[in-house]
Amino acid sequence: ANSTLNIAQLGDVQNGSTHSAELHVVDAHIVFLEVLYETRHAKWFMRMRNNRGYRLGVNNLDVFLPFLRKDYSRENEMLSKFETKSSRVKGLSFHSTRPWILCSLNDGSIQLWDYRAGSLLKTFKEHTGPVRSVDFHSSQPLFVSGGDDYKIRVWNYNSERSLYTLVGHKDYIRCVQFHTQSPWIVSSSDDQTIRIWNWQSRECVAVLSGHNHYVMSALFHPA
């Protein structure tokens, strides 16, 4: 498969308009680029041009160009690597606008990394067991975490202390996620329930039961 890049019709990247770049890469590379760009920058679209080529229209193309100009002839290229002392990483979350990634660890800590600089910014320690899930809020300076201590903690990432704790699950918490618009958090647990919380009032607003085994994941619909 052709893995060369043909950048065309770039225009003025400072005026905020939509620009185009034609890519000829194998499908696996296109999927990789799509996921990476979606997690770091909100405005993009992609449409298939033919069975071998794709046309991308993106805003802020100057940010995306370093990835377009890379040599993607090798599959599964590692862009960054971060070392932690914990033996296992349980959960990850990208920030919607900043070059940050949250890592929740088996040792009970949460680490905030700058993935461009490759530097550890902060470490958050309040859980008393493995932290299985973390999630950044899409617009507020918040993130949520859930772990094996049966607790959900809501944090302001400008502080190293959690704002408050949500208690209700009776077993390990497997997954937590903010709603993108409403003031809600969804959580799933080994207690076989899914709970929805109002993070502003700090109350559980719904308990969803019906599973007869661990609930490993729960997500809000994006719309």
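**Notebook: surface, cores and Ser109**

I began with the surface: the chain exposes about 12300 Å², with carbon and sulfur atoms supplying 48% of it (Shrake-Rupley method, 1.4 Å probe; for residues, only the protein chains shown count as cover). I kept in mind that this is a predicted model, where local features need pLDDT of at least 70, side-chain atom pairs count only at pLDDT 80 or more, and totals for chains, interfaces and linings use all residues. Residues are numbered from 1 along each chain as its sequence is written, and side-chain values use heavy atoms, with hydrogens and water left out.

Next I looked up the secondary structure and found two helices and 16 strands (DSSP runs numbered from the N terminus: H or I of at least four residues for helices, E of at least two for strands).

Then I turned to the cores (buried Ala, Val, Leu, Ile, Met, Phe, Trp, Tyr and Cys joined through side-chain atoms within 4.5 Å; buried means under 20% relative accessible area, with a 1.4 Å probe and protein chains only). The largest nonpolar core has twelve residues, including Val144, Ile185 and Trp197. Strand β13 gives the most to this core, with three residues. A second, separate core holds eleven residues, among them Leu102 and Trp155.

Last, I visited Ser109, which sits in strand β7 (residues 109–114). Ser109 is buried, at 3% relative accessible area. Leaving out residues up to four places away in sequence, I found Ser109 touching Cys103, Ser104, Thr123, Phe124, Lys125 and Val131 (contact means heavy atoms within 4.5 Å). From Ser109 to Glu126 I read 7.2 Å, C-alpha to C-alpha, across 17 residues of sequence.

Conventions:
Buried means under 20% relative accessible area, exposed over 50%, partly exposed in between (1.4 Å probe, protein chains only).
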